[in-house]
Amino acid sequence: MKVLFYYRGTENIAIESISAVLKEVGHKTDLIFDPGLDDTFYFKFPLFKKLKIEDKLVKKAKRFQPDLIAYGGVSNMYPYVNSIAARLKKDLDVPTIVGGVQASADPSGILDKEYFDMACKGEGEEAILELVDHLEKGKDHSKIQNLVIKKNGKYIENPIRPFIDNLDKLPFLDKDLFFKYG
């Protein structure tokens, strides 16, 4: 399967880890990265808005043709996440999942948006790997631990799995995702 990640502003270790886990078993991953130069919340540079970065990200996403789109971020990133997610859901009607601090703290608040299908609470490596396996095989994914699933207008909130005790069992981070962006 092909999983596309979206992130804005900085490198993200969680995305690099999840990507490495997926690649280790043969899945393809890519990243659409918004450097966030136009608005850092501290400084606003309207001139950079003219670069139309979101249009470029949508084109890249369409070329990649993902089977799943994964979003992440801290709470102050969600205006940007919402904007790109709305556009991508319209243009690429594929399942979407949101992870990160905001998704762990308020999964139902995130899933109130029509363009998000699932939220991941806590660590995402094992949950996303299991999700991708279920999606690939057409199996029901509504009982996967760490996931909150939106189904028929209701939320199915599954329990959190134990933390990964031995981090050495995880592959090295997929640094290439972000390195190509400088």
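A search of the whole structure, which is a predicted model, finds five aromatic pairs, where rings of Phe, Tyr and Trp (its six-membered ring) pair if their centres lie within 6.5 Å, and planes under 30 degrees apart count as stacked, over 60 as edge-to-face and the rest as tilted. The rings of Tyr6 and Tyr71 have centres 6.1 Å apart and planes at 55°, so this pair is tilted. It joins distant parts of the chain, since Tyr6 belongs to strand β1 and Tyr71 to strand β3 (residues 68–71), 65 residues apart; strands (E, at least two residues) and helices (H or I, at least four) are DSSP runs, numbered from the N terminus. Both Tyr6 and Tyr71 are buried, that is, under 20% relative accessible area, with exposed meaning over 50% and partly exposed in between (1.4 Å probe, protein chains only). Ring pairs link Tyr6, Tyr71, Tyr115 and Phe116 into a cluster.

In helix α3, the buried residues are Leu57, Val58, Lys60, Ala61 and Phe64. Seen down the axis, they fall within an arc of 165° and so line one face of the helix, the arc being that of the directions from the helix axis to the C-beta atoms. On the other side of α3, Lys56, Lys59 and Arg63 are exposed. The buried residues pack against β1 (2–8), β2 (28–34) and α4 (78–91), with contact meaning heavy atoms within 4.5 Å.

Residues are numbered from 1 along each chain as its sequence is written. Local features need pLDDT of at least 70, side-chain atom pairs count only at pLDDT 80 or more, and totals for chains, interfaces and linings use all residues, while side-chain values use heavy atoms, with hydrogens and water left out.
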